[in-house]
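I opened this model to see how its chain is put together. My notes follow in the order in which I looked things up.

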Amino acid sequence: MRQYLFFAFLVALLIPFSGSVATSQTPSREESRQKLLAEAAPFERLGKVFRAAVDFAGPSIVHIESKRLRQVSPTKAAGRQVQMQIEESGCGIIAEIDGKRVVLTNRHVVEGIPLESIKIQAEDRSLLTPVEVLTNTDFDVAAVVVAETTLVPALFAESAEVGDLILTIGSPFGLDRSVSMGIVSATNRRRVPASVGPTPRVGFYQIDASVNPGSSGGPMLNLRGEVVGIVTAIATQGGGSEGVAFAMPTKIVLKIVRQLVKSGTVMRPYIGLGFDAAFGVEERKKLGVTRMVGARINSVQPDSPTAKAGLQKDDIILFVNRTEIEDDMHCVDVVAQSEIGETLTFTVLRDGAKISVPVTVSEQISR
């Protein structure tokens, strides 16, 4: 009985107390709305930045459609190849190179397609007239020279950093001018698990923006509306976006395109080294390299810049200038970004001692 009276007394105390708290802490509908507006304001401002960046870059972005013939086998029983016309889509970026208006895109979007089968549509839906297609296989880059001279060229920025907010514009599955948002997930990705075929050996941006077939050649924009990369590849098991895409830095693309427009060829920095791709943890430890850094030389080409400089087989490259070398692909990337005629200082480990070797970069034609 006493226990019952105690609980009854406790309930009697709590009921009015709970009611008063609920009354004092429950906001009105208007108060809830004002709180929501205040909390949403920073995100709305960011949305306005996204819209402004897309609006600014929009006149410099084009939609590309192409028709190519492919050899296909309808059935195994048929025992013969037939040709089928395949329609593909992609994206491009208008640039001004040596006074010409050029559409930058990926080689795999336009290579091998007759000019009359390439349709390039500007923002105002006008059709551009392709005059010449210049490509470079090593870098999956193409420059389509167009007849129109009043097009608005894009603004380009040289770099982006991990964590930067970015936007991409593309034509996934033919849906032109589709915008996606994400961040830069990583930089200098050199081993890219692309969905189709090999990718060029350059340091890619890895991004998590939604990228699908048809987005190739589209811009990766910073929040200022500047193009910092060209979307080139995706890593996928199912053929669609899985949150891992790759964009080629514009500083590399522009360097290639300027040469293509000027001479039709690309001169690549050349030093004449081959590397041991199997240089692993245990071998590093035996040679006194306690961290996963360094690239071991496997071969030196006769009469090459490195042969003349005195680099030798089994030297381990630790630094190029002040850049610490992570592996063989990193060394290739660092050299690829140098200028022809530039002298690079290689710090190598040879017989347990570190030595510095200056190497003057030569040139090699890239097709």
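I began with contacts along the protein chain, a contact being heavy atoms within 4.5 Å. Of those with a separation of 6 or more, 61% are between residues 24 or more positions apart. I noted that this is a predicted model, in which local features need pLDDT of at least 70 and side-chain atom pairs count only at pLDDT 80 or more, while totals for chains, interfaces and linings use all residues. Residues are numbered from 1 along each chain as its sequence is written, and side-chain values use heavy atoms, with hydrogens and water left out.

Next I took the totals. I found 7 helices and 21 strands in the protein chain; these are DSSP runs numbered from the N terminus, helices being H or I of at least four residues and strands E of at least two. Buried residues come to 42% of the 367 in the chain, where buried means under 20% relative accessible area, exposed over 50% and partly exposed in between, with a 1.4 Å probe and protein chains only. The chain exposes about 20,200 Å², and 53% of that comes from carbon and sulfur atoms. These areas are from the Shrake-Rupley method with a 1.4 Å probe, and for residues only the protein chains shown count as cover.

**Barrel**

I traced a closed barrel of 6 strands in the order β8-β9-β10-β13-β12-β11, with antiparallel pairing. Neighbouring strands of this sheet are turned by 45 degrees against each other on average, direction ignored. Two strands pair if DSSP finds at least two bridges between them. For β8 (residues 165-170) and β9 (residues 178-189), I noted 6 bridges. Ile169 stands opposite Val179 of β9.

I then looked at which helices lie across these strands. Helix α2 (residues 29-57) lies across β8, β9 and β11 (219-221), at about 45 degrees to β8. Helix α4 (residues 250-263) lies across β12 (227-234) and β13, at about 50 degrees to β13. For these angles, axes are lines fitted to C-alpha atoms, for helices over the stretch in contact, and the range is 0 to 180 degrees between N-to-C directions.

**Ser180**

Is Ser180 buried or exposed? It counts as buried, because its relative accessibility is 16%. Ser180 is part of strand β9. Leaving out residues up to four places away in sequence, I listed Ile166, Leu167, Thr168, Ala209 and Ser210 as touching Ser180. A polar atom of the Ser180 side chain lies 3.2 Å from the backbone oxygen of Ser210.

**Phe204**

Phe204 sits in strand β10 (residues 204-207).

I looked for aromatic pairs, meaning rings of Phe, Tyr and Trp (its six-membered ring) with centres within 6.5 Å; planes under 30 degrees apart are stacked, over 60 edge-to-face and the rest tilted. The structure holds 1 such pair. The rings of Phe204 and Phe246 have centres 6.4 Å apart and planes at 80 degrees, so the pair is edge-to-face. Phe246 belongs to strand β13 (residues 245-249) and Phe204 to β10, so the pair ties together parts 42 residues apart in sequence. Phe246 is also buried, at 3% relative accessible area.

**Strand β7**

How many residues of β7 (residues 141-146) are buried? I counted 6 of 6. In a regular strand the side chains alternate between the two faces of the sheet. In β7, Val141, Ala143 and Val145 are on one side and Ala142, Val144 and Val146 on the other, and both faces are covered.

β7 pairs antiparallel with β3 (residues 100-105) over 4 bridges, and Val103 has Val144 as its bridge partner. β7 also pairs antiparallel with β6 (residues 130-136), over 6 bridges, and here Glu132 stands opposite Val145. The hairpin of β6 and β7 has 4 residues between the strands, and Asp140 takes a positive phi near 55 degrees there.

**Helix α7**

Last, I checked α7 (residues 328-336), where 7 of 9 residues are buried. Among them are Met329, His330 and Cys331. Asp327 caps the N-terminal end of α7, with a side-chain oxygen 3.3 Å from the backbone nitrogen of Met329.

Notes
A polar contact is a pair of N or O atoms within 3.5 Å; within protein, one must be able to donate a hydrogen and the other to accept it, and residues adjacent in sequence count only if both atoms are side-chain atoms.
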